[in-house]
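Biologist: Please put the model up, and let us go through a few of its helices one by one.

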Amino acid sequence: MNFKEAILQGIPNILPQKKEYPKDANRAPKRKDILTKEEKKLALQNALRYFPKEWHKELAVEFAQELNEFGRIYMYRFIPEYKMYARPIEEYPAKSKQAAAIMLMIQNNLNPAVAQHPNELITYGGNGAVFQNWAQYLLTMKYLATMTDEQTLNMYSGHPMGLFPSSKDSPRVVVTNGMMIPNYSKPDDWEKFNALGVTQYGQMTAGSYMYIGPQGIVHGTTITVMNAFRKILDSSETTAGKVFLTAGLGGMSGAQPKAGNIAGCITVCAEINPKAARKRYEQGWVDVLIEDIDELVSRVKSGQKNKEIISIAFIGNIVNVWEKFDKENIYVHVGSDQTSLHNPWSGGYYPVDVSFEESNRMIKEAPDEFKKKVQESLRRHAASINNHTAKGTYFFDYGNAFLLEASRAGADIMAENGIDFRYSSYVQDILGPMCFDYGFGPFRWVCTSGKPEDLDITDNIAMTVLQEIMENSPEEIQLQMNDNITWIREAKTNKLVVGSQARILYADAEGRAKIAKAFNDAVAEGKIGPVVLGRDHHDVSGTDSPYRETSNIYDGSKFTADMAIQNVIGDSFRGATWVSIHNGGGVGWGEVTNGGFGMLLDGTPEAEARLKNMLFYDVNNGIARRSWARNKEALFAIKREMERSPNLKVTLPNLVNEKLLEDLY
Ligand SMILES: NC(=O)c1ccc[n+]([C@@H]2O[C@H](COP(=O)([O-])OP(=O)(O)OC[C@H]3O[C@@H](n4cnc5c(N)ncnc54)[C@H](O)[C@@H]3O)[C@@H](O)[C@H]2O)c1
């Protein structure tokens, strides 16, 4: 059976043979055994409803085993035989080109070179799922292959509920992930309802099919690290030979060494999982791999002396590195952390002085004891960081819930007022005021032909557009424009592509729309194949997350989620090809609401109308909210946009003299 036939078949007609688990695969951590006996029966019933009755006897035993051993039912037996990667768009069986583009993006998210735990359908972040099980994948691909441009596929947390009649202008797919009744959004609710097979954690770009490998995060991390150094160095000083210490070489965190190299410093990145560290090393994302901590110390000291630009992966626990560097008096200029603390109890954070294997055992067999170890470790972790910051290190929270979880663990991490954290998040200090409030965010595109030449052409188009905009852009955004032009000029040399031919580029509303229009023209002229546009959810408008994307909203509204919901609804009727809205993503289940979109540019005038309408709204919705929250940069940006766009009328805040209030209370 060829690829097209296999896709069109969906769930196979004949029960496939049971499969051996691939030896070298990076397996998802075993999940907590949380279901009661009755709930386990329910989980099995839920899983078996995908299959004909005759198979139930055999599959029930196997699925019960999966549930028992891994805490979830992945249905490994149904992993397709064909290779998983983003094929050129014309290789997909499809009646709708838009649906074919979505199939391509789904396969990219599950490509073993891209995905963290491909056999468990996890793209990144330890639990960022595209689907809950392989039956959902098979059914979804079949629906996409057979749907027309007058239907919409509804995705309920990985489960394809079905095709519903709609219209050409509607999204082809509407995705919801982990949408819960608010009172059922505690971490254990995810464990339970995910084990039951009725919800999933879609992270951001995992469950929305918009992940483009670690490149997506390299750009944001580069901007962050560069500006973190700018905060503490004189303009005459260079970053060479200065240390950036952090942790994690997983899906997203794996971008840190590359970003550090682009920013021009010494990056030390601790990673407890040898497989994850080696994968990044083999992919060329980190320069050196070190296993011995004394060797690490001497390598860093020589790097400092010789003012080197180098990235080092240390296989071990980050807490040991902070403590050792403190003892050895290694000066750390910039510090952060990207362990998966949004998911602290089931493998996101490995406690110090417990081996990787032992931790994995404890997660399953002794979860309460494991939780204690994690919290002890966080207290030590924070204490050591405090020693460094006392010497001058600039530490920022990189949106992984480090400060939040450390505070919950009772670490000495609170500011004197007892309300704020002692350290800022990267959004409060850097990305919020410098990027999001002006509308700059992680715009991205994928060349569906799969040809590197197409990507080169789009890089050049984007650079030319940005250079043109830069000529007339105001002083306030010159630095951002400049950094982004440098980024796109060097993007190819930095070899960022893993998986599909994709590119990320921070751009504002004007930049995104102009670049997209130029791409659509190039498609129409036959210079390149169709292009998928999208963005990370981690953006101006898509995400309400009080400890991350909206941490620089200070009017009390950062605990609301109206912006993200408005955004996904607004994008859906303004021309998105698919939209998604998720609970969780980044900082954890229940802690954030985030959404995104995908849009196919096929060179038609309809695509041009859609991109203009939707991209404008997608960015300006967020700037409007940020300006209403009195953010200075957003006020500047939205007033400028209203001058350019007479149809845009946004409510502006009147600023109050604070003295007036002080006199009252
Ligand atoms: N700020 C942002 O823009 C942004 C973007 C993406 C992800 N994140 C957040 O960053 C975190 C990491 O994301 P990811 O996709 O890389 O997750 P991941 O799970 O793929 O990687 C985290 C890595 O940290 C390692 N690790 C855990 N505890 C450790 C310890 N004590 N010492 C050394 N290594 C340890 C794990 O083995 C894992 O490989 C997540 O919480 C995610 O939500 C932030």
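Biologist: This is a predicted model. Which residues of α2 meet α6?
Modeller: Helix α2 covers residues 37-48, and helix α6 covers residues 187-196. On the side of α6, the residues in the contact are K192, A195 and L196. Those they meet in α2 are E39, L42, A43 and N46.

Biologist: How many residues of the contact of α2 with α6 are nonpolar, polar and charged?
Modeller: Asp, Glu, Lys and Arg count as charged, and residues such as Ala and Leu as nonpolar. For the contact of α2 with α6, the division is 4 nonpolar, 1 polar and 2 charged.

Biologist: Is α2 roughly perpendicular or oblique to α6?
Modeller: The two helices pack with their axes 8 Å apart, at an angle of about 50 degrees. Roughly parallel needs an angle under 35 degrees, and roughly perpendicular needs 65 to 115. The angle of about 50 degrees therefore makes α2, relative to α6, oblique.

Biologist: Which residues of α16 does α7 meet?
Modeller: From α7, the contact takes in I223, T224, N227, A228 and K231. The residues of this contact divide into 6 nonpolar, 2 polar and 2 charged. In α16, the partners are Y426, D429, I430, L431 and M434.

Biologist: Is I106 buried or exposed?
Modeller: I106 sits in helix α4, residues 97-110. Beyond its neighbours within four places in sequence, I106 is in contact with V130, F131, Y137, T140, M141, L144 and Y209. A residue is buried when its relative accessible area is under 20%. I106 has 0%, so it counts as buried.

Biologist: What is the reach of α14 from its first C-alpha to its last?
Modeller: Helix α14 spans residues 367-391, which is 25 residues. At 1.5 Å a residue, the expected value is 36 Å. The reach in the model is close to that, at 36 Å.

Biologist: What covers the buried residues of α14?
Modeller: The buried residues of α14 include F370, V374, L378, H381, I385 and H388. The cover includes two strands, β10 (332-335) and β11 (394-395). Helices are also part of the cover, among them α11, α12, α13 and α15.

Biologist: Which residue just after α14 takes a positive phi?
Modeller: Helix α14 runs over residues 367-391. Just after it, a phi of about 125 degrees is found at G392.

How values were computed. Residues are numbered from 1 along each chain as its sequence is written. This is a predicted model: local features need pLDDT of at least 70, side-chain atom pairs count only at pLDDT 80 or more; totals for chains, interfaces and linings use all residues. Side-chain values use heavy atoms; hydrogens and water are left out. Helices (H or I, at least four residues) and strands (E, at least two) are DSSP runs, numbered from the N terminus. The expected span of a helix is 1.5 Å times one less than its number of residues. Buried means under 20% relative accessible area, exposed over 50%, partly exposed in between (1.4 Å probe, protein chains only). Contact means heavy atoms within 4.5 Å. Axes are lines fitted to C-alpha atoms, for helices over the stretch in contact, and angles run from 0 to 180 degrees between N-to-C directions. Angles under 35 degrees count as roughly parallel, over 145 as roughly antiparallel, 65 to 115 as roughly perpendicular and the rest as oblique.
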